[in-house]
Amino acid sequence: MKKMVVNLIPFNTTSFEQRMATREWRNTPDVACWFKIPFIDEETHRRWILSMEESHARSCAFFIRADGTDIGVTYFHSINYQEGTADWGIYLRSDSARGKGLGSQAMQQAIDYAINTLHLCCLMLDVHRENTRAIRLYERMGFRRLHDEENGFLRYIKELPVN
């Protein structure tokens, strides 16, 4: 079986309608259950998308495309250019995309983007303590656990090489 090719497609290169459609993916029960905020309303999503068009935006996002099909989203938020830090997240829109190494490929590309384009020195993320598949991936990709949060989430960090 041939390996699927994964590419990150910047949100700002796609139509507003395509970007808005990701809200539906994010709010599906099998995705939303892993987020601190389980439901994103349309206005909140619209404001987030528009905020990425600002100069020195504090968020940027990408479609995860595998062999021409959009399978998920990866994003940076709370970007602090001065300190070189950001929070990072990823989700795949359906179970059929999971367990095939596609998230790992997307994650490596996102880390490369953080180093080479955003010039970050540190990425952080929050993961639900029961999301063991994601935890294994994050640890395999070099994230280390900082602490447990009271709300059932774990805080992870990854130091990046300075470029």
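## Glutamine 18

The side chain of glutamine 18 makes a polar contact with the backbone nitrogen of serine 15, at 3.0 Å. A polar contact is a pair of N or O atoms within 3.5 Å; within protein, one must be able to donate a hydrogen and the other to accept it, and residues adjacent in sequence count only if both atoms are side-chain atoms. This is a predicted model: local features need pLDDT of at least 70, side-chain atom pairs count only at pLDDT 80 or more, and totals for chains, interfaces and linings use all residues. Residues are numbered from 1 along each chain as its sequence is written, and side-chain values use heavy atoms, without hydrogens and water.

Glutamine 18 sits in helix H1, residues 16-26 (helices are DSSP runs of H or I, at least four residues; strands are runs of E, at least two; both are numbered from the N terminus). Its relative accessible area is 35%.

## Largest pocket

The volume is about 1200 Å³. The lining holds 41 residues. Phe35, Tyr75, Ile90, Tyr91 and Tyr138 lie nearest the centre. A pocket here is an open set of points on a 1 Å grid over the protein atoms alone, where a 1.4 Å probe fits, with protein on both sides within 12 Å along at least five of seven lines; lining residues have an atom within 4 Å of a point.

## Second largest pocket

This pocket holds about 200 Å³ of space. It is lined by 14 residues. Nearest its centre are Asn12, Met52, Ser59, Cys60 and Tyr113. Strand S2 (residues 60-66) gives the largest share of the lining, 3 residues.

Terms used: Grid points are joined across faces, edges and corners, and a volume is the space filled by probe spheres set on the points. Buried means under 20% relative accessible area, exposed over 50%, partly exposed in between (1.4 Å probe, protein chains only).
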